[in-house]
Amino acid sequence: MSKKEEKGFFSSLWDSLSSLRLTIALLIILAVVSIFGTVIPQNAAPEEYLRVYKTSTYKILKILGFLDMYHAGWFVFFLALLSLNLVACSLKRLRISWRFFSHPEESLEEAQWKTIPLSRKFSQKGPPAASLRQYREALTSAFSKPKVLEDHQVYHLFAEKGKFSRLGVYFIHLSVLVILAGALIGSFLGFRGNANIVEGQSTDRVILRSQGQAQALGFSVRLDKFNVSFYPSGAPQEFKSLLTILEGGRKVITEPIRVNHPLTYKGISFYQSSYGIASVEKVVLAIKDRDSQKEITVPAQMGTRTEIPGSSSAFLLAQFLPDFQGMGPAFQVISFEPNRPHENLWIFQNHPELAEKRPGRYQFTIKKIEPRYYSGLQVTKDPGVWVVWVGCFLMMAGFYMTFFLSHRRVWVRLTEKGGRTWMEIAGSSHRDRSGFEKEIEKIGQALKEKPRKARKESEESEDQP
Amino acid sequence: MISTKMLSSVTFLYLLCTVLYFNYLAFRSERLGKIAGGLSWITLLLHTAAILLRWVESYQLGIGHAPLSNMYESLVFFSWCIAVLYLLWEWKLNSRILGAFAMPFAFLFIAYASLAPGVSDRIDPLIPALQSNWLHAHVITCFLSYASFALSCGISILYLLKLRQKEKGQKEASLPALFPPLDSLDALIYKTIAVGFPLLTIGIVTGAAWANYAWGSYWSWDPKETWSLITWFVYAIFLHARFAREWRGKCTAALSIIGFAAVIFTYFGVNYVLSGLHSYA
C-alpha cells in the first residue's frame with residue numbers, strides 16, 4: 001500500500017466517523033435496540049425465561065446478549081462508537097465555531113452590506129466624527145459596547161452579544177461523555193449488593209447483585225430495630241430501619257433509614273428496600289372450645305408446649321412460615337388432646353375462616369404475632385455518581401446556551417456625504433431571527449435619537465448668553 | 001368530591017373549546033376565534049382551581065400531598081400543561097390557528113382520566129417511595145416537556161397536511177391553505193422541541209437523582225427509564241436531522257410525531273404493557 005492510499009483511508013475513516021449520517025444512524029440503532037431490552041425481561045432467572053420462551057429461543061437470546069442487553073458487548077460498542085462520533089463531529093465543528101472567537105468579523109465587505117438580509121439606512125445632520133461619541137454610547141446602551149474602526153473617514157462600529165452560545169453544543173456533547181465516564185467509573189469501582197439483616201444482628205459483607213459473590217464492607221452494620229407502619233387503608237406508610245455502624249466493635253453512628261432517606265458511610269450507601277419476618281418469638285392465639293363454645297386467648301411461645309387453661313389439652317407451635325404458598329403468615333400447630341392421637345394442622349393469620357373446617361375440639365385462630373423482622377437493604381458504592389451529576393449540570397448549561405441564547409452581531413457604518421452622516425446598520429443572529437429584527441429596530445432608534453438630542457442640547461446651550 | 005365534579009365539567013368545556021377552534025378554522029370567523037380563546041382561558045382557570053381544590057381536599061382527608069401522585073392526577077396535570085402552553089403560545093403569537101390541534105390533546109387526556117375504567121380518581125395516601133420532594137420537580141418538568149411535545153406534534157400534523165396540499169396542488173380555498181407558511185410551521189416545531197427537549201432532560205435527570213435516593217441507583221434500565229431515553233433519542237435525532245437539508249421539513253415533522261408517540265408509550269404503554277419499578281403513573 002502506498003503512502004498516498006493510506007492517507008486516503010484514514011481521511012475517509014475520519015470523514016465517516018465525523019459524519020452526521022453516522023450520528024443519526026447510531027441514535028436510531030440505539031433507540032430501536034433499546035426497545036428490545038424493555039420487552040425481554042433483563043437479568044431474570046433462567047426458569048423465568050423458560051416459562052416464556054422455547055429453550056432454543058432462550059439460548060439464542062442468551063448468546064446474543066439480549067438477556068443483559070444494556071451491558072452486552074455490542075451495546076457498549078454502539079455507545080463507544082457514538083462517543084467517538086461525538087468527539088469527531090465536535091472537533092470538526094469547533095474549528096469553524098472558534099473563528100468567531102479568534103477572528104471576529106469586525107467589519108463587513110461592501111458585497112456583504114448589499115446582501116445581508118437585516119439592514120437599515122438613515123441619514124443624519126452633521127458629520128460622523130462630531131457625534132462619534134454619541135453613536136458609540138447609543139450602541140453601548142441599546143446593545144453592547146462596540147469596537148470602532150476608522151478607514152478613510154468611514155467609521156465602522158461592531159458590537160456582539162451571546163458569543164458563547166456558539167459553544168453550547170460542545171458543552172452538551174462533552175456532558176454526554178462526562179456522564180458516560182461517570183457510569184464507567186461506577187461500574188468498575190463501585191458495586192451494588194443486597195443484605196438481609198435480622199433485628200439485633202449485624203453483617204460486614206453484602207451479596208453482590210451481579211455475580212452473587214460476597215463483598216466485604218470494611219465495617220459492620222447492625223439492624224437495631226425495624227418498624228413498619230400502615231395507613232388505615234392497609235397501604236404501607238413507612239418502613240424504617242434503625243442502623244448502627246460498627247468499626248472494630250465500636251459504635252460509630254446510629255441512624256434510622258427510610259425509603260428516600262439512605263445512610264451513607266465511607267462512600268457506601270444503605271437503602272431501605274424490603275422487609276420480612278425472620279422468626280416469631282411470641283404469638284397470641286384465640287382458642288375456641290367447640291364443646292362449650294367459649295373462646296379464650298392464650299399467649300404462646302414457639303417450640304414450647306402450652307397447656308390450654310381449664311382443660312387437659314395442650315398444643316405446640318412447631319413451625320412458622322412468613323408466607324405459606326401465597327396465603328400469608330402461617331403456623332404449624334400440634335395439638336394434644338387426651339385419648340386422641342396428636343394432630344398436625346396449619347393455621348393462617350389472614351384466613352381465620354379455614355380454622356372452622358378443622359376437626360377436633362379446639363379451633364385455633366391467630367390474634368397477634370410478635371415477629372422479629374429482617375430488613376432488606378440495598379447497599380451500593382458508586383464513586384462515579386458525582387461525575388454523572390457534573391455531566392448533567394454541564395448538559396443543562398449547554399441547553400441553556402444552545403436554545404435560549406443566540407450570537408447576535410451588529411455592524412454600523414457611518415459615512416460622510418455633503419456634511420451629513422449616512423448611517424447603515426446591519427445585524428445577524430444565528431437563532432431567533434424575528435426577535436432580533438425587533439432589537440435591530442430599537443438599536444436603529446437609539447442611534448438616531450442620541451446624537452440628535454446631543455446636538456440639540458449643545459445648540460440650546462450656545463443660544464444662551 | 002367537588003374537585004372531581006369540577007374536573008368533569010372542565011373535560012366537557014375542553015371538548016367545547018375543541019369544537020369552537022375547529023369551527024373557527026372552518027368558518028374563519030374572528031368572533032368565533034375570540035369566543036374559543038376566551039372560553040379556553042375560563043376553562044383553564046377552572047381547571048387550575050380544581051387542581052388546587054383537590055390539593056386542599058387531600059389535606060382535609062389528613063393525607064395532604066400535591067395532586068401529582070397517580071395516573072388520574074398526572075393525566076389531569078398533563079392536560080393542564082397542554083392548555084397552559086398552548087394559551088401562552090396563542091397569547092404571545094396572537095394566532096389561534098393551532099387551537100384545533102392543541103385543545104383536542106388537552107381534552108383527550110383529561111377525558112381519559114375521568115372515563116378510563118382502570119384510572120381511579122380517589123385521593124390515596126403517598127406510598128413510601130413517593131414521599132420525596134423530588135416528586136414535584138420530576139413530575140412538573142416531565143409533563144411540561146410532554147405538553148410541549150404534544151404541541152409540536154400538533155404543529156407537525158398541520159405541517160404535513162399543508163405539505164400534502166401543496167404537493168397535490170390543491171385549491172387555495174382548502175383548509176390547509178389557511179395554515180401559516182411551511183417555513184414558520186417548521187420554525188414552530190423546532191421552537192416547541194427546543195423547549196420540550198431540555199425540560200425532558202431535566203425530567204430524566206431529576207428522576208435519576210430521585211431514583212438514586214429511593215432505589216440506590218440513578219439508572220437501572222427500568223422500562224420507564226429506558227423508554228424515556230428512547231424518547232430522548234428520537235428528539236436528539238430530530239435536532240440533528242435538522243442540520244441536513246434533505247431531512248429538514250417532511251422528515252423532521254414525521255420525527256416530531258414519532259417522538260410524541262414515544263412520549264405516549266413512555267407514559268401509558270410502559271404501565272399497561274410492560275412492568276417495572278415505576279408503577280404509579
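Domain bounds, as used here, come from an automatic or database domain assignment. In this predicted model, 37 Å separate the centres of domain 3 and domain 4 of chain A, taken over C-alpha atoms.

**Domains of chain A**

- The assignment divides chain A into domain 1 (3-100), domain 2 (104-162 + 406-456), domain 3 (186-276 + 375-396) and domain 4 (279-371).

**An open sheet in chain A**

- Strands of a sheet pair through backbone hydrogen bonds, in either a parallel or an antiparallel manner.
- In chain A, 4 strands form an open sheet with antiparallel pairing, in the order β12-β13-β14-β15.
- At its edges lie β12 (305-307) and β15 (343-348) of chain A, each of which pairs on one side only.
- On average, and with direction ignored, neighbouring strands of this sheet are turned by 30° against each other.
- Strand β14 (residues 330-336) of chain A is joined to β15(A) by 6 bridges, and the two run antiparallel.
- Opposite A:Gln332 stands A:Trp346, a residue of β15(A).

**Architecture of chain B**

- Chain B contains 8 helices and 0 strands; read from the N terminus, its elements run α-α-α-α-α-α-α-α.
- The radius of gyration of chain B is 19 Å, which agrees with the value near 19 Å for a compact globule because that is what 281 residues would give.
- The C-alpha trace of chain B spans about 60 × 45 × 30 Å along its principal axes.
- Of the 281 residues in chain B, 52% are buried.
- Among contacts in chain B with a separation of 6 or more, 78% are between residues 24 or more positions apart.

**Contact between chains A and B**

- Chain A contributes 35 residues to the contact, and chain B contributes 34 residues.
- On the side of chain A that touches chain B, the elements giving two or more residues are α2 (20-39), β7 (236-247), β10 (268-289), β16 (362-381) and α9 (385-404) of chain A.
- The element that gives the most to this side is α2(A), with 11 residues.
- By class, the side of chain A that touches chain B comprises 22 nonpolar, 10 polar and 3 charged residues.

Note on methods
Residues are numbered from 1 along each chain as its sequence is written. Chains are lettered from A and ligands numbered from 1 in the order in which they are written. This is a predicted model: local features need pLDDT of at least 70, side-chain atom pairs count only at pLDDT 80 or more; totals for chains, interfaces and linings use all residues. The radius of gyration is taken over C-alpha atoms; the globule rule is 2.2 Å times the number of residues to the power 0.38. A residue is buried if 20 or more other C-beta atoms lie within 10 Å of its own, exposed if 12 or fewer, and partly exposed in between; C-beta atoms are placed from the backbone. Two residues are in contact if their C-beta atoms, placed from the backbone, lie within 7 Å. Ala, Val, Leu, Ile, Met, Phe, Trp, Tyr, Cys and Pro count as nonpolar, Asp, Glu, Lys and Arg as charged, and the others, Gly among them, as polar. Two strands pair if DSSP finds at least two bridges between them. Axes are lines fitted to C-alpha atoms, for helices over the stretch in contact, and angles run from 0 to 180 degrees between N-to-C directions.
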